[in-house]
Amino acid sequence: MAHVVILGAGTGGMPAAYEMKAALGSAHEVTLISANDYFQFVPSNPWVGVGWKERDDVSFPIKPYVERKGIHFIAQRADRIDAEANQIDLADGSKVHYDYLFITTGPKLAFENVPGSDPHEGQVQSVCTLDHAEEAYKAYQDLLREPGPIVMGAMAGASCFGPAYEYALIVASDLKKRGLRDKIPSMTFVTSEPFLGHLGIQGVGDSQTILSRGLKEEGFEAYTNCKVTKVEDNKMYVTQVNDKGETVKEMVLPFKFSMMIPAFKGVPAVAGVEGLCNPGGFVLVDEYQRSKKYRNIFAAGIAIAIPPVEQTPVPTGAPKTGYMIESMVAAAVHNIKADLEGKTGNQTMGTWNAVCFADMGDRGAAFVALPQLKPRTVDWFAEGRWVHLAKVAFEKYFIRKMKIGVSEPFYEKVLFKMLGITRLKDEGQRKAS
Ligand SMILES: Cc1cc2nc3c(=O)[nH]c(=O)nc-3n(C[C@H](O)[C@H](O)[C@H](O)COP(=O)(O)OP(=O)(O)OC[C@H]3O[C@@H](n4cnc5c(N)ncnc54)[C@H](O)[C@@H]3O)c2cc1C
């Protein structure tokens, strides 16, 4: 009997545990290990950050649900992985041996890149975790009591730009609903992207026009090609460069309320494994989601290394979104099972396509980029109230799916059919990092 350990119970790890158990049955043991004892639906965090949703709406305890399916659960942070000994050291001092390790640990939020930007210091907020989103809501309530300037956006090296636009536009929409929009003296959007709507993937469909217009209509003044160098006394120090990377403007933006998406790195326990990761701490995998160095380690989601789509004047990264993660998880589960059955020739690849819904308060924007790299077969971006409603429905659908313990492929089975997109193979576009 082999022991398969899934490390990290987020958007990738929870479905991975269910899929792995369903694939392996009682012949092998599946253990899910995660730093938190609860699952959080990360895409809903921007709503928590304005009080539209609460913790219990978007999270639930993992243990009772996964154990019903025969999956062992350990709520501990992994502090070290000894890949030669196939062993994980947990924060409580215990050790777990594995035959296969499937890493889905998501991002370490690299606040250290910009002095003063860590939410713990109380100046700049984040919505990347549920805890952060709750803190953001507290700070937002201070803004409602005592209005002042707002600065939103994404730091240099960020790869997840959708939530920056989402949160900026949700806050603007909430302020309007409360009749407080006119009390805000200025709203500024600062991003490392070379143009608005670039999203780390050179834009998709009409994303530039739609997102530029969305920010303008809500009264945001937007600056691209920006690098925030430090935050001090509620002032953001920003350097803007031109396409050659030469400084064209230095700005000091005072703010009362700010949320900036940070750069992501790999989590320390994973980044610390000799030869496993790139310098950012992301796992180097082949097209089968398998570590290039350790044949019994697989990885999916934000934890893996994907090269940037292009070099931008201020560094940006490529996003790793839900569809890609779903596809990577399905491939890794298939490949671990094939290994266990000795069918080493029967390996599948995930697809690295970008599909995302971004809520904009009373409406939303959706994009589909198949494949993520240009030229694309599908390059589609649309906005409307239906996206807002679809995102609300998706949250309910995903959380229900994670509670009942099935892991049906949402994007291929539901969304693509809804959009009239047939399955597209883009294996040729996959590139080793
Ligand atoms: C605010 C926000 C909104 C987003 N919205 C969308 C969206 O609408 N659509 C979309 O497609 N994508 C969206 N994304 C991008 C992406 O889909 C999510 O970030 C997704 O949660 C990534 O999944 P993951 O499994 O890689 O990581 P995560 O979901 O972050 O899960 C990582 C898990 O690993 C655990 N972990 C970390 N370190 C350790 C350790 N050392 N030991 C044990 N456990 C550990 C964490 O506690 C967590 O449970 C969004 C991202 C953010 C930040």
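Helices here are DSSP runs of H or I, at least four residues long, numbered from the N terminus. With that in hand, let's look at the charged pairs in this predicted model.

Side chains of opposite charge can pair when their charged atoms come close. How many salt bridges does a search of the whole structure find? It turns up 28. Here are some of them:

| Pair | N to O distance |
|---|---|
| Asp-89 and Lys-95 | 3.6 Å |
| Glu-217 and Arg-213 | 3.7 Å |
| Glu-341 and Lys-337 | 3.2 Å, closest N and O atoms |

Next up is the pair in a helix. Glu-217 and Arg-213 both sit in helix α7, which covers residues 207-217. They are 4 residues apart, or about one turn of the helix. Glu-217 is exposed, at 53% relative accessible area, while Arg-213 is partly exposed at 37%.

Then there's Glu-341, which forms a salt bridge with Lys-337. Both partners are partly exposed: Glu-341 has a relative accessibility of 42%, and Lys-337 has 27%.

Some bridges also link up with each other. Lys-176, Arg-213, Glu-217, Glu-218, Asp-362, Arg-363 and Glu-383 form one network, joined by salt bridges that share partners. So the helix α7 pair, Glu-217 and Arg-213, turns up again as part of that network.

Key. Residues are numbered from 1 along each chain as its sequence is written. This is a predicted model: local features need pLDDT of at least 70, side-chain atom pairs count only at pLDDT 80 or more; totals for chains, interfaces and linings use all residues. Side-chain values use heavy atoms; hydrogens and water are left out. A salt bridge is a side-chain nitrogen of Lys or Arg within 4 Å of a carboxyl oxygen of Asp or Glu. Helices (H or I, at least four residues) and strands (E, at least two) are DSSP runs, numbered from the N terminus. Buried means under 20% relative accessible area, exposed over 50%, partly exposed in between (1.4 Å probe, protein chains only).
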